[in-house]
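Welcome! Please take a moment with the sequence and the model below, and then we will walk through a few places together.

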Amino acid sequence: MSWGTELWDQFDNLEKHTQWGIDILEKYIKFVKERTEIELSYAKQLRNLSKKYQPKKNSKEEDEYKYTSCKAFLSTLNEMNDYAGQHELISENMTAQIMVDLARYVQELKQERKSNFHDGRKAQQHIETCWKQLEASKRRFERDCKEADRAQQYFEKMDADINVTKADVEKARQQAQVRHQMAEDSKADYSAVLQKFNQEQHEHYHTHIPSIFQKIQEMEERRIVRLGESMKMYAEVDRQVMPILGKCLDGIVKAAESIDQKNDSQLVVEAYKSGFEPPGDVEFEDYTQPMQRAVSDHSLSSSRGEGKPEPKFAGKSKGKLWPFIKKNKGATPEDFSNLPPEQRRKKLQQKVDELNKDIQKEVDQRDAITKMKDVYLRNPQMGDPASLDHKLAEVSHNIEKLRLEAQKFEAWLAEVEGRLPARRQSGLYDSQTAPAVNNCAQDRESSPDGSYTEEQSQESEVKVLAPDFDDEFDDEEPLPAIGTCKALYTFEGQNEGTISVAEGETLYVIEEDKGDGWTRIRRSEDEEGYVPTSYVQVYLDKNAKGAKTYI
């Protein structure tokens, strides 16, 4: 099957068909271009979607991602971000491997088509020129033959007429011979032109046109093959990213499978556990008896006066509803004393960890400055060591300041965790003797076992709990002095278990710093407490009894 033999007379139709083929290529290029734009738009929307639902830094929303379900959702957002990246890759590969190559090929195809059809038109013009020459030779031969025939007829007419002179007859005979010779020459010329035309026509339809049409056919078939290859590449570009897309989806599945509902439930407990003990049973109060109502040790009722019945049973309702009392609004105390015990411990521990990290950063900076100073001392040409003294002093001051801050929070943490028994006892007495306030979270204070109890009237509380308090101190002997100390700075002991000291004051040391930043001292037999270790200069008596006990 060859276009040169089968379609020898379809030059115009072939020209239209090949132009249609180029139009198809350009249409496919446009299709791929729109697909790449869709992929880019889709990737952009996926990225925006992932970014929209990412947790905001330093926000409450970021704390929610400690739960495994939220972590899985965060993993899903990250995987979708990678998923979007693969769609961007599809767009890039389609642009580079299909659009650019096809656009260049279309330009080459147009040039080749133009050259082939130019050769075809040139061959057609040549055969048409030969045909015109043949027609002209044929008409000339026809004209000369007619002229010769008329000259012959005229001669015969003159020869038959007796009135015509012999000279006229001879002249007519010569004219007839000339015309006859011209006809013979035209005949020979026409025969030669015809033979040449037939040869040219044979070459045109059996050699030139088949060769040109064969080139056009091959060009068209290459176009078809190239279009098919582009379609395969179109599918291959998608297939290349499928493993990565599959990994993204596998990542989402893996994140979903990592969700642990029990762990999330435990995190809820850790996040909201208050440390309160559930309220005990409310005793029956018999208002039919005029006797004094006794207050139970396990009751949460808060009588506001003796002999005054409360028609609304305020004590009973308060005992049931105290876990749900709203917190006071306003500024959060520095020691987080407004929080329940467990939550307060977590906040204090978090603050201590943050301060320790800050201290470590400052220590690292101090070490770096010290090393730089040593380098300057060994190599003065590199810098002046004295120029670092101010910075070194500033960093050291920051370290001391942060350590004092950390010691303060460690002391509060120790109080919550029960590492300072004397301060807990003092706190117990304060909480048991403090006046009652209206229903709020600050009405509750820590008891020795770590539970919170509602405050009752001063009289009833002292009557019931004071004996236990006294027994506890009766069994405890005063600690012996193991040395002395001198106050370097004035310290205002405003918290429970601390003692105020003035700068330059000398006191007795009864308990060394156990690593929490506090030293226990005594001013007199009835006045003792804790002060920050960094605020005093300690002079231990190594021969004192019990001096080696506190390590």
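In which helix does Glu-39 lie? Glu-39 belongs to helix H2, which covers residues 11–52. Before going on, note that this is a predicted model, in which local features need pLDDT of at least 70, side-chain atom pairs count only at pLDDT 80 or more, and totals for chains, interfaces and linings use all residues. Residues are numbered from 1 along each chain as its sequence is written, and side-chain values use heavy atoms, with hydrogens and water left out.

**The chain as a whole**

The chain holds 11 helices and 7 strands. Here helices (H or I, at least four residues) and strands (E, at least two) are DSSP runs, numbered from the N terminus. Of the 551 residues in the chain, 32% are buried. Buried means under 20% relative accessible area, exposed means over 50%, and partly exposed lies in between (1.4 Å probe, protein chains only). Among the contacts with a separation of 6 or more, 70% are between residues 24 or more positions apart; contact means heavy atoms within 4.5 Å.

| Residue | Relative accessibility | Class |
|---|---|---|
| Glu-39 | 7% | buried |
| Cys-130 | 6% | buried |
| Cys-145 | 30% | partly exposed |
| Val-501 | 4% | buried |
| Glu-525 | 75% | exposed |

Glu-39 counts as buried because its relative accessible area is 7%. Leaving out residues up to four places away in sequence, Glu-39 touches His-87, Ile-90 and Ser-91.

What about the cysteines? A disulfide is a covalent bond between the sulfur atoms of two cysteines. With the rule that a disulfide is a pair of cysteine sulfur atoms within 2.5 Å, the count is 0 disulfides.

**Helices side by side**

Two packed helices are described by the angle between their axes and the distance between the axes. Axes are lines fitted to C-alpha atoms, for helices over the stretch in contact, and angles run from 0 to 180 degrees between N-to-C directions.

Helix H4 (residues 68–160) and H5 have axes that come within 7 Å and cross at roughly 175 degrees. H4 is therefore roughly antiparallel to H5, a label for angles over 145 degrees. Sorted by class, their contact has 47 nonpolar, 20 polar and 23 charged residues. Ala, Val, Leu, Ile, Met, Phe, Trp, Tyr, Cys and Pro count as nonpolar, Asp, Glu, Lys and Arg as charged, and the others, Gly among them, as polar.

Tyr-190 sits in helix H5 (residues 166–257). Apart from residues up to four places away in sequence, Tyr-190 touches Leu-134, Ser-137, Lys-138 and Phe-141.

Helix H8 (residues 341–378) and helix H9 (residues 389–417) pack at about 160 degrees, with axes 9 Å apart. H8 and H9 are therefore roughly antiparallel too. Their contact has 16 nonpolar, 6 polar and 14 charged residues.

**Two loops between strands**

Where is Val-501 found? Val-501 is in the loop between strand S3 (483–487) and strand S4 (506–511). Beyond its neighbours within four places in sequence, the contacts of Val-501 include Tyr-489, Phe-491, Leu-507 and Ile-521.

Glu-525 lies in the loop between strand S5 (518–524) and strand S6 (527–532). Glu-525 and Pro-478 are 47 residues apart in sequence, and 8.2 Å separate them in space, C-alpha to C-alpha.

Definitions and conventions. Angles under 35 degrees count as roughly parallel, over 145 as roughly antiparallel, 65 to 115 as roughly perpendicular and the rest as oblique.
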